[in-house]
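Hi there,

Here is the structure I promised to pass on to you.

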Number of protein chains: 2
Amino acid sequence: MKKEELSALIRQKASFLCVGLDTDPGLIPPFLAGESEDPVFEFNRRIIDATIDLAVAYKPNMAFYEQMGSKGWKSLERTMDYLREHPAGPVFTIADAKRADIGNTSQRYARAFFDQLGFDAITVNPYLGHDSVKPFLEHEDKWAIVLALTSNAGAMDFQILQPQLPLLLEKFGIKTCFRKKLFELVIEESQKWGSPENMMFVTGATHPEQLKNVRELAPDHFLLLPGIGAQGAKLSDIARVTLNKDAGIIVNSSRAIIYAGEGQDFQSKAREAAMALQREMAQLLGQ
Amino acid sequence: MKKEELSALIRQKASFLCVGLDTDPGLIPPFLAGESEDPVFEFNRRIIDATIDLAVAYKPNMAFYEQMGSKGWKSLERTMDYLREHPAGPVFTIADAKRADIGNTSQRYARAFFDQLGFDAITVNPYLGHDSVKPFLEHEDKWAIVLALTSNAGAMDFQILQPQLPLLLEKFGIKTCFRKKLFELVIEESQKWGSPENMMFVTGATHPEQLKNVRELAPDHFLLLPGIGAQGAKLSDIARVTLNKDAGIIVNSSRAIIYAGEGQDFQSKAREAAMALQREMAQLLGQ
């Protein structure tokens with residue numbers, strides 16, 4: 001999907017919602033096991049049907065499928081086929097895979113997620129640098145979503161490191177190479193590898209104070225924002241500092257939508273949760 | 001597998017060789033497609049039979065299986081079953097998966113690779129910090145192999161960053177938080193999360209000048225060293241600065257072994273390539 005198509009989809013649906021398909025066989029309503037040989041796919045199918053007019057993107061989290069082995073991978077293939085052929089489509093699809101390896105290996109991951117599974121985008125980890133990310137940028141209308149600042153506690157271990165003295169030194173006209181935090185350097189450096197047409201950044205909505213800064217560093221890139229809901233960030237605070245002329249953001253919610261209900265009514269509960277978010281988004285887009 | 005069992009295996013086989021199973025359906029001998037419905041597994045089976053007395057570890061690279069979808073995952077499951085039940089076993093098995101995500105997701109990856117596929121170890125990316133790595137450390141006799149300094153060109157983008165002035169500043173008694181390079185901080189910090197009994201580090205053999213330094217930072221941890229052969233580092237140079245009382249290193253070779261031959265004789269060619277390395281290793285272990 002091209003950037004302008006994604007922006008048009010956001011305007012058309014008045015939504016920048018991504019539904020995270022973190023589908024765990026232990027957490028889905030038990031009655032589904034009696035109704036289908038592939039209850040994980042069946043759950044996804046019903047969640048998609050209940051939310052597809054409200055969401056612009058779906059983001060399966062690979063770990064949840066891999067924990068079931070080749071069977072889980074099969075459920076994911078079925079889910080991707082279903083999304084691709086959905087009459088209410090197209091939607092933007094993100095493999096939350098956090099891959100990246102040396103060049104010849106990243107090439108294979110790109111094939112796995114873009115050619116084999118048909119995703120529009122994949123989340124990638126920047127630690128291995130340019131040659132680990134570039135293979136994901138060589139597929140037409142496909143996207144690499146580079147982790148910058150993640151939403152978890154461990155983001156504080158390395159991503160925000162910076163020297164304690166840069167401001168002092170810069171007063172004396174001395175530039176240190178670490179005048180920026182690591183995640184800021186990642187955003188700055190990785191922009192050289194691609195463009196706003198094939199690269200986005202993951203920046204956790206749990207760090208609203210950093211998002212203004214991120215938007216200044218990457219004014220034209222889409223941002224994928226996980227961490228609202230369960231992890232507590234307020235949608236309006238986030239949107240205020242990150243929305244740009246193309247909309248420019250995708251906000252993900254996983255558990256708060258897909259596990260909103262536990263019984264026979266799980267579809268309508270998921271729809272209610274998605275709709276509450278979409279209505280707020282419509283308002284924010286209208287401002 | 002426990003650390004002392006791995007060390008004993010290295011002594012017994014006089015080898016610290018890991019064979020990388022980067023098995024690409026486009027690169028394996030074409031005749032295998034006529035002999036088996038699962039030529040990728042068939043190739044792995046024959047490579048394993050040809051090398052298992054010379055190698056202490058096998059390392060399937062996940063991207064190569066994922067590019068084939070659920071079928072590829074199935075080939076990997078068969079390979080793992082074969083390794084587990086091999087009469088010449090046990091061997092140490094490493095999933096080269098470079099995973100890591102927020103805690104509840106890393107938990108699922110740990111299940112996928114340790115419980116579902118039965119690997120002893122998985123390579124993990126440190127960018128997301130402590131809570132993304134710890135779930136891999138909570139499985140008995142299983143290992144997280146943390147990426148520190150990788151063997152590719154992009155390793156220079158972020159892993160070696162450090163401020164330009166720390167030495168100057170330290171002369172004046174001023175400590176900067178970036179007195180170390182990022183990969184050194186990763187090695188230092190992540191040692192707090194686990195122990196030499198459940199954590200190793202990946203340090204590319206393409207940086208022999210850094211390995212002495214790595215060994216000083218982590219005297220008791222096993223190191224997984226990719227990048228000999230194709231990428232050019234000399235085995236004796238590496239071993240000299242990294243071997244410790246437990247042996248403490250696993251050296252990986254993938255393409256140079258598994259693609260040593262292209263025809264009917266690919267097994268004997270692979271064996272020759274593995275044996276050349278094992279003989280050199282036996283000598284280095286004997287010194």
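Below is what I found, starting with one chain and ending with two single residues.

A word on conventions: this is a predicted model, so local features need pLDDT of at least 70, side-chain atom pairs count only at pLDDT 80 or more, and totals for chains, interfaces and linings use all residues. Residues are numbered from 1 along each chain as its sequence is written, while chains are lettered from A and ligands numbered from 1 in the order in which they are written.

**Chain A as a whole**

Chain A has 14 helices and eight strands; these are DSSP runs numbered from the N terminus, with at least four residues (H or I) for a helix and at least two (E) for a strand. Along the principal axes, the C-alpha atoms of chain A fill a box of roughly 70 × 45 × 35 Å. The radius of gyration of chain A is 19 Å, which agrees with the value near 19 Å for a compact globule of 287 residues. That radius is taken over C-alpha atoms, and the globule rule is 2.2 Å times the number of residues to the power 0.38.

Of the 287 residues of chain A, 56% count as buried. Here a residue is buried if 20 or more other C-beta atoms, placed from the backbone, lie within 10 Å of its own, exposed if 12 or fewer do, and partly exposed in between. Among contacts in chain A between residues at least 6 apart in sequence, 70% join residues at least 24 apart; a contact means that the two C-beta atoms, placed from the backbone, lie within 7 Å.

Strand E1 (residues 17–21) of chain A runs parallel to E2(A), joined by four bridges, and A:Cys18 has A:Ala57 as its bridge partner. E2(A) also runs parallel to E3(A), with two bridges between them, and there A:Ala57 stands opposite A:Phe92. Strands pair if DSSP finds at least two bridges between them.

**How the chains meet**

The contact takes 53 residues from chain A and 53 residues from chain B. On the side of chain A, H6(A) gives the largest share, seven residues. The residues on that side divide into 24 nonpolar, 18 polar and 11 charged. Nonpolar covers Ala, Val, Leu, Ile, Met, Phe, Trp, Tyr, Cys and Pro, charged covers Asp, Glu, Lys and Arg, and the others, Gly among them, are polar.

**Two residues in chain B**

B:Gly204 sits in the loop between strand E6 (199–203) and helix H11 (208–217). B:Gly204 is buried because 26 other C-beta atoms lie within 10 Å. Beyond its sequence neighbours up to four places away, B:Gly204 touches residues including B:Leu149 and B:Pro226.

B:Asp246 lies in the loop between helix H12 (235–242) and strand E8 (249–253). B:Asp246 is partly exposed, because it has 17 C-beta neighbours inside 10 Å. Leaving aside neighbours within four places in sequence, B:Asp246 is in contact with B:Lys3 and B:Ser7.

Best wishes
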